[in-house]
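Hello,

Here is the structure you are taking over. My notes on it follow below.

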Amino acid sequence: MSRRVVRQSKFRHVFGQAAKADQAYEDIRVSKVTWDSSFCAVNPKFLAIIVEAGGGGAFIVLPLAKTGRVDKNYPLVTGHTAPVLDIDWCPHNDNVIASASDDTTIMVWQIPDYTPVRNITEPIITLEGHSKRVGILSWHPTARNVLLSAGGDNVIIIWNVGTGEVLLSLDEVHPDVIHSVCWNSNGSLLATTCKDKTLRIIDPRKGQVVAERFAAHEGMRPMRAVFTRQGHIFTTGFTRMSQRELGLWDPNNFEEPVALQEMDTSNGVLLPFYDPDSSIVYLCGKGDSSIRYFEITDEPPFVHYLNTFSSKEPQRGMGFMPKRGLDVSKCEIARFYKLHERKCEPIIMTVPRKSDLFQDDLYPDTPGPEPALEADEWLSGQDAEPVLISLRDGYVPPKHRELRVTKRNVLDVRPPTGPRRSQSASDASLSQHTLETLLEEIKALRERVQAQEQRITALENMLCELVDGTD
């Protein structure tokens, strides 16, 4: 009589649990735009959600601690003239977020640590280069200020946000609409899926397709792809009979899949969220009310089903917290922010452990907020793995860091058109002194404005408490 051997895995008993009602974010008018992005982005400081807005596109940014009912007059981030389609936090600065819109532009925003009094309307920089809607954004995992965007014009543009310049433009690789783009761990390769049913591995600096596979999933519905820790590609798509399907592929041998599994019949595109530290992939379908999760290993069948978190309400979108934002004291290995029609609900994935001590096996060193390369170094051909940090003592987000944009002046590269006027040393020192004085005055004014804004916010909060008290 054969005995069934149970596969050994520390993640076999991972379970999901919705946060208590007072930990949710209520009264948020989540965007109703028809677009297959997650509509939500989160980091250890802030939660950002694309919302309904009249006369353009907007998203709301809330400090993580600001749970409960959100005031209907809470300031929004507004600036786009058409709906916002995607948002993404910078992995190297928790106060910087990029937004992409139907208005063909990308805007990069600096979010203050204090609650602003009025809508944030001025981005640090606006990036213009696409001719149609921009629906996909992704920051480079290791290089500072490098941002990728993909638009309805079938073009991928890689920007240096620090200067506002286009570093690379891949405009002849995709013949049709791009459905997803994903960097590998060191940002040397891209995995893209396209409406032409082809999965491509691209070297962006050479502008070359390194490998490609036609009809990784045979259905016509959109496909998604992410790199795994082992360098494989994990994909979600549809069969010819419109059944949802997941696949695992080796880019060095695209002929046969490493694994291919049919799942269920549903219209919702499965959004994969991959955690390289645990090699678990979480699948969240738009319109589904569940999160399925699988462990990817080197043993057959390679993609192992772990469990399903189910709830009653369907999800409109989903945010995925980076590893450094998790509570290691509770053995939390993932946290999602599930969007409902009018609220956002945290869902916590936990490995049950009896000990309160730090669990080394659950929390290997993970990518931190420091970039490994500058934009110019990456463009010149250098690659570097992410700079890792330990979560043993928990993670404390660094204080507000300002993103400085230095646009290169076109006039600097033009030759002078006439004789240069000589300037005496005394004039030069005088102008230097005047400049320093002006800069000091500007700094003092900025500090005064910030102090006044914080004071106004405090007074507004006191007024709200008084009004609530009288009610």
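**Salt bridges, cores and surface**

Asp102 and Arg133 are joined by a salt bridge, at 3.3 Å from N to O (a side-chain nitrogen of Lys or Arg within 4 Å of a carboxyl oxygen of Asp or Glu). Asp102 sits in the loop between strand 9 and strand 10, and Arg133 in the loop between strand 11 (125–128) and strand 12 (134–139), so the bridge ties together parts 31 residues apart in sequence. Strands and helices are DSSP runs numbered from the N terminus (strands: E, at least two residues; helices: H or I, at least four).

The model is predicted: local features need pLDDT of at least 70, side-chain atom pairs count only at pLDDT 80 or more, and totals for chains, interfaces and linings use all residues. Residues are numbered from 1 along each chain as its sequence is written, and side-chain values use heavy atoms, with hydrogens and water left out.

Asp102 is partly exposed, at 27% relative accessible area. Arg133 is partly exposed too, at 32%. The cut-offs: buried is under 20% relative accessible area, exposed is over 50%, partly exposed is in between (1.4 Å probe, protein chains only).

The whole structure has 20 salt bridges. One of them pairs Asp94 with Arg324, with the closest N and O atoms 3.1 Å apart. Those two residues are 230 apart and link distant parts of the chain. Asp94 is buried at 4%, and Arg324 is buried at 7%.

Arg240 and Glu218 form another bridge, at 3.2 Å from N to O. Their loops are 22 residues apart in sequence. Arg240 is exposed at 63%; Glu218 is partly exposed at 40%. Bridges with shared partners also join Arg244, Asp264, Asp288 and Arg292 into one network.

The largest nonpolar core has 36 residues (buried Ala, Val, Leu, Ile, Met, Phe, Trp, Tyr and Cys joined through side-chain atoms within 4.5 Å). Among the members that touch the most others are Leu47, Phe59 and Tyr337. Strand 4 gives the most to this core, with six residues. Another core, of 25 residues, lies apart from it and includes Tyr282 and Phe358.

Which cysteine sulfur is nearest to that of Cys90? The sulfur of Cys182, 17 Å away. The structure holds zero disulfides (pairs of cysteine sulfur atoms within 2.5 Å). Cys90 is buried at 4%.

Best wishes
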